[in-house]
Amino acid sequence: MKQPFAKALYIIKQLKAHGHEAYFVGGAVRDFLLRRPIGDVDIATSALPEEVMRIFPKTIGVGVEHGTVMVLHEGTPYEVTTFRTEGKYEDYRRPESVTFVRSLHEDLKRRDFTMNAIAMNEHGQMIDPFAGQEAIKRKMIQTVGDAKARFSEDALRMMRALRFVSQLGFYLSEETKEAIQELAPLLSHISVERITVEFEKLLQGAYSQEALALLVETNLYKYMPGLSEKREQLEQLASYNWTLLTERAEYWGLFAYLLDVKQTLIPFLRLWKLPNQLIKDVQAILNILAEMKQNNDWTKEKLYRYGLTYALSAEKIRSLLSGEKADSNMAKLRQLFASLPIKERKELAINGNDLMKWFNKQGGPWVAEMLMFVESAVISGEIENNAEQIRGWLAQCNRKLEENY
Ligand code: ATP
Ligand code: MG
């Protein structure tokens, strides 16, 4: 058996040795069949959480009420989840309570799509009661059972369907697509956090253009944070090549930029409950983009002030928007950065204390201003980054100032 399943096989074997059933399930099995890189290996078992915890020495009860125990094996954590059905669904959301069952079939039946409802045993044989392998061959996303019923149980599944379109390049089955079109309003019952997780994966997928187009076509966008009035902008979004992007702040940056939320950037990003640091990063990148609209020549000074990371992200987005080659523009930027005499303030040969000593003056806003002034001179090459030179140069500047008054 191939990695990473080979390594996880031990867990299945242990569970079986204790008289339980155990299988690989979920995304790992799907991605294995698709020959895609395999993420987390999840295991489903007939053993109850307490039983799992008794068998393995290192476990964490991460979601025992949902049947999930994290088992640590040779440094890797595995989610081992008891076969379950999800109790009664209320308010179109995932239920709080689950019912443990002893049959694999029942467990596979509660899963969202047929491609995600395949189990693999310790010999690599597939247990596939809903023809998931066939769906994978045809690149079809099809709910397990009646699509409308399944989306009514948990409306997040509609978002998941589109994020799988984006990640896998699959198509929605006719039934699945029609059900989303009809039931899109149910998405408003789902917490923003869960929507954001799926949407971020959607933006990052290799087929995000297709998924973004579907978001509009199915009307799902109307029930997503801050998007209800953004149909036209969303249609635009689908025409850009998002696959050049790599950082979270870049995805959200391009997204916010194209949606044209300028004045309301922070409230808009807060609607999605994004972490503060990410919001700051997006804001920094969009500020650079806005400035580049006026003047897109990079100078050493600008690059130093923005910092390489933000500058590269902004340049990448700008190139993408203007259809230029991002790679060569970014390479130029890296070169320019390499030529900077100092890369950040702490590399400056002097600090605020030196200035206060030299001028025999108390600290105040003047210190920061003068440091900026010195930095600019060092960056432009007017003076060297050397304390004595800087001191001499400042004295000379002072004399000139006095002469002029
Ligand atoms: P990824 O590779 O992105 O992790 P995944 O298919 O493993 O994709 P997860 O969110 O990790 O997705 O979920 C693991 C499995 O749990 C899914 O493959 C699916 O069988 C089931 N599942 C997850 N969310 C739902 C849901 N909302 N409704 C029904 N089944 C779900
Ligand atoms: Mg997974």
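The C-alpha centres of domain 1 and domain 4 sit 64 Å apart in this predicted model. The protein is split into domain 1 (1-138), domain 2 (141-239), domain 3 (243-340) and domain 4 (347-404), with bounds that come from an automatic or database domain assignment. Residues are numbered from 1 along each chain as its sequence is written, while chains are lettered from A and ligands numbered from 1 in the order in which they are written. As the model is predicted, local features need pLDDT of at least 70 and side-chain atom pairs count only at pLDDT 80 or more, whereas totals for chains, interfaces and linings use all residues.

On to the overall build. The protein has 20 helices and eleven strands, counted as DSSP runs (H or I, at least four residues, for helices; E, at least two, for strands). Its radius of gyration, 28 Å, is well over the 22 Å that the globule rule gives for 405 residues, so the protein is more spread out than a compact globule; the radius is taken over C-alpha atoms, and the rule is 2.2 Å times the number of residues to the power 0.38. Along the principal axes, the C-alpha atoms fill a box of roughly 90 × 50 × 35 Å. Of the 405 residues, 32% count as buried (20 or more other C-beta atoms within 10 Å of the residue's own, with C-beta atoms placed from the backbone).

Then there is ligand 1. Domain 1 and domain 2 both give residues to its shell, so ligand 1 lies between them. Among the surrounding residues are Arg94, Arg111, Asp112, Asp154 and Arg157.

Key
A residue is near a molecule or strand if its C-beta atom, placed from the backbone, lies within 6 Å of it. A residue is buried if 20 or more other C-beta atoms lie within 10 Å of its own, exposed if 12 or fewer, and partly exposed in between; C-beta atoms are placed from the backbone.
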